[in-house]
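Q: Hi! Could you walk me through this model while I have it open on my screen?
A: Happy to, let's take a look together.

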Amino acid sequence: MTVTAPPETTPAPSRTGEAGARALAVARRRPVTAVTLLLLVVAGVATGAFWSPVADRTWGDAIAHGVPSIAAGHPWTVLTGALVSAHPAGAWVGLLLVALGVGWGEGRLGSRRTAVLLVAGQVAAVAVTIALVAALAATGWAWAVGVAASLGGGISPGVLAVVAVASATLAAPWRLRLRLVLVGVAAVGLLFLGHLADVEHVLVLAVALPLGRRIARAGEVPSGRPGRREWRLVAAAGLLVIAVIRVLTLVVPVVGPLGDTASDSTVTETVISAVVSLLLAEGLRRGRRIAWVLGLCLGALYTLLGLFVIGAVVFAQITDQMDQIELVGLAVFVPNAVLWSALLVWLVAGRHAFAVPSRRRLRRRENGARTGPEVARDALHRHGGSTLSWMTTWPENRYLTHGTADGITAFRVHAGVAVALGDPIVAPADRAAALEDFRAMAERAGWVPCLFSATAELAEQARADGWRTLQVAEDTLIDLDGLEFKGKPWQNVRSAFNRAGKAGITHRMVRLEEEPRAVVAQVRAISEEWVGDKGLPEMGFTLGGVEEALDPEVRTGLAVDAEGTIHGVTSWLPVYGPGGAGGPEVVGWTLDVMRRRQDGFRAVVEYLIASACLTFQEEGARFLSLSGAPLARTEEAEDAASHDVLDRVLDRMGALLEPYYGFRSLHQFKAKFQPRYAPMYLVHRDEADLPRVGLGIGRAYLPDAGVRDLVALVRK
């Protein structure tokens, strides 16, 4: 009988061993973070900083930093103070800040740069703060005298230096969001608390944020500009912060740089103030013009009152009349005035983002008919329109009604030019009358009239009535009847379908307003990333965004993987045309939003457009319009175009904006779908209007651009 020995087995690693291995792997990837955490733990245990205040010890000034430490001849405390905290809560928070802030920053900046920033930022912030506080204390300022007598500690200034510089490597909109959070926390801390660390935070951010891009060597990351939604969200968040601070200073008063934050405000006054701020915040979040105006008025009022109070206090200090000044509430009012001033600057800078009128069905009478986006929608349902006509329902437009409001012309006014969007939405027989109404209305108001992206049919009618026309773009149309993606010309489209299948990506055609919040949030994030990284302001006029895609009649195409991640999004505007006995019906769809996730499936846009073709073909639509890329035409159209002033302006604008918005490359991209082209025209009175019209159209697309910049385009 043969006896077989049991096979040798390797004991399974314990959970403790696995955790240790993972910790060691993390430490190897983030050595600066690991060493800093180790030093903080050792110092906290050795000094007892984790369970009792170091500042209360007799030897505290030999470890913690502050003016007393320097006065006692302990200059090394600018370094050792980073390893301890004045209070046990600060010691534990310091561990969390290092683990999150330094760990994240080291991953984006590298270990060497992170170590230099951590040490240099900490030492410089502490040294400058001590010198500044000592100088202010010499003036007799009660706050400065108190801070100069205190000891501080903690590594938060160095952590902020790392995070502030690392923020330069982020893409929009997260770069701006993180920086605003850093500045907001530091500013509120200094204004309302005024501890030694709060001064250090402000000083380190004042240096690290402006130099962050250069230090991080983040030149490849576009600087970006906030989109409309970002302007609105930041304004709303600012008002929320103001409301919360107003409540906290009533419930938990503290002693700040300007004194005790306890005030004589009643609970009722505080509640009313907070409610007003919350209502304004909601209005600003929605981009309401009325909320913007009210916020502007309140911001200006608080700013002027704050300047007056500060001036009065300075005058009293100079003339030795401080004992005659009532200081109750000063420690709350002045910091709040500073916050309102910052909000005022933000509202003025982002004024273009707050142009949405009330969504209530406003019933104003002009020529006996109501006006507004609702009338534009009704007119489209009654008469139909061109591929761009749905854009007349967007809230930034003005409206001229014709006759008994049976039709409308949508327009915007920029640089003294009334720029109508596409064709008037009227019956074909009423086009001539609508053109004359528009011309008369503009001339009565002193505006230069023109119609941008008009159809060939309207251009022919306008020429017969004495207008001039100029082709400025081309509509790209895909006929859906009998469309099949077969043959060599459609190879790229078939490849996109194959790649999507391998990646597990599917197409969904939805109404975005009916989707869960998580889906809408993903769409917004993709849009903000696209807008913010352009390096120029968000364009408008014939270019919509997520807000326009939330319209209940607009369809949205989503490319979604198995985990629910959205890789790309398109939105489609309805095109109403001749239908059955019931009047116009949706006969086609126009592409508006077309954006993809930067790190997502690369051919997602081709996949989305081709999938939309099949979806709408099955539903019975006749065509899709990929829309005319602004300031872009085919080579044949460019050769045929006249070479007058406006033509040169539009070509120049197209060339200048191409690196940022890619309109011409977008026009070439659309050629993959074998479209037919339909010319789109500018209709104007005569050649003498062209320079002014060029400025008006430029301002319509880029309302934040200065007139001087647009004039330069005309001269080149």
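A: One term before we start: residues count as being in contact when they have heavy atoms within 4.5 Å. Also keep in mind that this is a predicted model.

Q: Thanks! How many helices and strands does the protein have?
A: There are 26 helices and 13 strands.

Q: And what share of the residues count as buried?
A: Of the 716 residues, 49% count as buried.

Q: What about contacts between residues 24 or more positions apart? What part do they make up?
A: Taking the contacts with a separation of 6 or more, 74% are between residues 24 or more positions apart.

Q: Let's zoom in on α10. What does its length look like?
A: Helix α10 covers residues 196–216, which is 21 residues. From its first C-alpha to its last it reaches 28 Å, close to the 30 Å expected at 1.5 Å a residue.

Q: Where is the kink in it centred?
A: The kink in α10 is centred on P210, and the bend is about 50°.

Q: Which residues of α10 are buried?
A: Quite a list: L196, D198, V199, E200, H201, V204, L205, A208, L209, G212 and A216.

Q: What do those buried residues pack against?
A: The buried residues of α10 pack against α5, α6 (111–137), α7 (142–148), α8 (156–166) and α9 (174–192).

Q: And what follows α10?
A: R217 follows α10, with a positive phi near 55°.

Q: Changing topic: how many cavities of 30 Å³ or more are there?
A: The structure holds 5 of them. The second largest cavity has about 70 Å³ of space.

Q: Which residues line that second largest cavity?
A: Its lining is made of L40, F50, A82, L83, V84, S85, G90, A91, G94, L95, G154 and I155.

Q: Which helix gives the most to that lining?
A: Helix α5 (residues 88–109) does, with 4 residues.

Q: How does the lining divide by residue type?
A: For the second largest cavity, the lining has 8 nonpolar residues, 4 polar and no charged.

Q: Last one, N336. Where is it, and is it buried or exposed?
A: N336 sits in helix α14 (residues 330–349). N336 counts as buried because its relative accessibility is 6%, and the cut-off for buried is under 20%.

Q: What does N336 touch?
A: Leaving out residues up to four places away in sequence, N336 touches F192 and I242.

Terms used:
Residues numbered from 1 in each chain as written. Predicted model: local features only at pLDDT ≥ 70, side-chain atom pairs only at ≥ 80, totals over all residues. Heavy atoms only, no water. 1 Å grid on protein atoms, 1.4 Å probe; cavity = no way out; pocket = protein on both sides within 12 Å on 5 of 7 lines; lining within 4 Å. Points joined across faces, edges and corners; volume = space filled by probe spheres on them. Helix = DSSP H or I, 4+ residues; strand = E, 2+ residues; numbered from the N terminus. Nonpolar A, V, L, I, M, F, W, Y, C, P; charged D, E, K, R; others polar. Buried < 20%, exposed > 50% of the residue type's maximum accessible area, 1.4 Å probe, protein only. Expected span 1.5 Å × (residues − 1). Bend = angle between axes of the 7 residues up to and from the residue.
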